[in-house]
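Me: Hi! Could you walk me through this one? I'd like to know how the fold is put together.
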Amino acid sequence: MVIKWLCIMQCVSQLRRWCHRQLRFLTQIPFKALRCVRHARGLGRRPAASLSLLALILGAAASAAATTLPPLQLVDQAGQPVSDAVARIEQSQTSAAQEGPSVAVMDQVELSFSPKVIAISTGTRVQFPNSDETRHHVYSFSPAKTFELRLFRGNEAPPVEFDQAGLVVIGCNIHDAMVGYIYVTNGQVYGVTDADGGLMLPTFTAPESAELLIWHPDMDDPLAVPLAGLDTSGDLLRIELPMTQSQPEPASGAAGGLRNRLQQFKSNDD
Ligand SMILES: [Cu+2]
């Protein structure tokens, strides 16, 4: 009798556990169903989001049609050509952009950097061959790149990689008059004017709000010209630059400026 009673109690207990599990399952159904509805609504929103993204892409493409500017000619206030000016289109892209790291050259000829100004993409390495008989000691203390190539001849100096955008002023520790500029940019569309002030930029795409930016060591500030404001109807795009009237820095001033920057850099670095 006792055994029979125990069997009945066990069956009742199992029945209670089964009922409890069923009850839990039943109470979860609305939440599962709710999650399914939310998921379905989420899926339902995805096409709309995709359409919005597609519209944005199409809109951007429409406003960023390929542009080819006429050849630039940069002149000073007297109409004289300005060489060694860097021009670039901000926020622009071009299929003509070089891929991967490349090597640029800033030679040293007759106690001068040659070219005096180069423009490069970030990640570019620059070789500093010395074509003079005397030795040079090339250095820079610019925030975008601080380096030093101790006294060297010929091709003894290893290339220097410029991995940060910015203007890098180059000097020689032996010859104070030697000053060069390396314009490092993250952009793709840029160039340096030749001896005639001329420059042909590659075909590019850019937002309508983008600007043509021009830098030169003899300008107080870079010049920014909205692309929308450029008259591109002619065979030549002539732009007058607000050059400073003063002559290039005298030798002592140039080197002194570099040394002052060195001291400032060192004091800021302490
Ligand atoms: Cu030198």
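Predicted model: local features only at pLDDT ≥ 70, side-chain atom pairs only at ≥ 80, totals over all residues.

Me: Great. How many helices and strands does the protein chain have?
Reply: There are 2 helices and 17 strands. Of the 270 residues in the protein chain, 23% are buried.

Me: And the contacts, what share comes from residues 24 or more positions apart?
Reply: Taking contacts with a separation of 6 or more, such pairs account for 66%.

Me: OK, on to the largest nonpolar core. Which residues have the most contacts inside it?
Reply: Those are Ala-85, Val-86, Ala-87, Ile-182 and Tyr-183, in a core of 40 residues. Several strands give two or more residues to this core, among them E2 (86-89), E6 (117-121) and E12 (179-185). E12 gives the most, with 5 residues.

Me: What does Val-86 touch?
Reply: Leaving out residues up to four places away in sequence, Val-86 touches Val-117, Ala-119, Tyr-183, Tyr-190, Val-192 and Trp-215.

Me: Switching topic: in strand E7, which side chains are buried?
Reply: Thr-124 and Val-126 are, and they point to one face.

Me: Nice. Is E3 parallel or antiparallel to E7?
Reply: Parallel: 3 bridges join E3 (residues 103-105) to E7, and Val-103 has Arg-125 as its bridge partner there.

Me: What about E7 and E10, which sense is that pairing?
Reply: Antiparallel, over 3 bridges. In E10, Arg-125 is partnered by Glu-161.

Key
Residues numbered from 1 in each chain as written. Helix = DSSP H or I, 4+ residues; strand = E, 2+ residues; numbered from the N terminus. Buried ≥ 20, exposed ≤ 12 C-beta atoms within 10 Å, placed from the backbone. Contact = placed C-beta atoms within 7 Å. Core = buried A, V, L, I, M, F, W, Y, C linked by C-beta atoms within 7 Å. Pairing = 2+ DSSP bridges.
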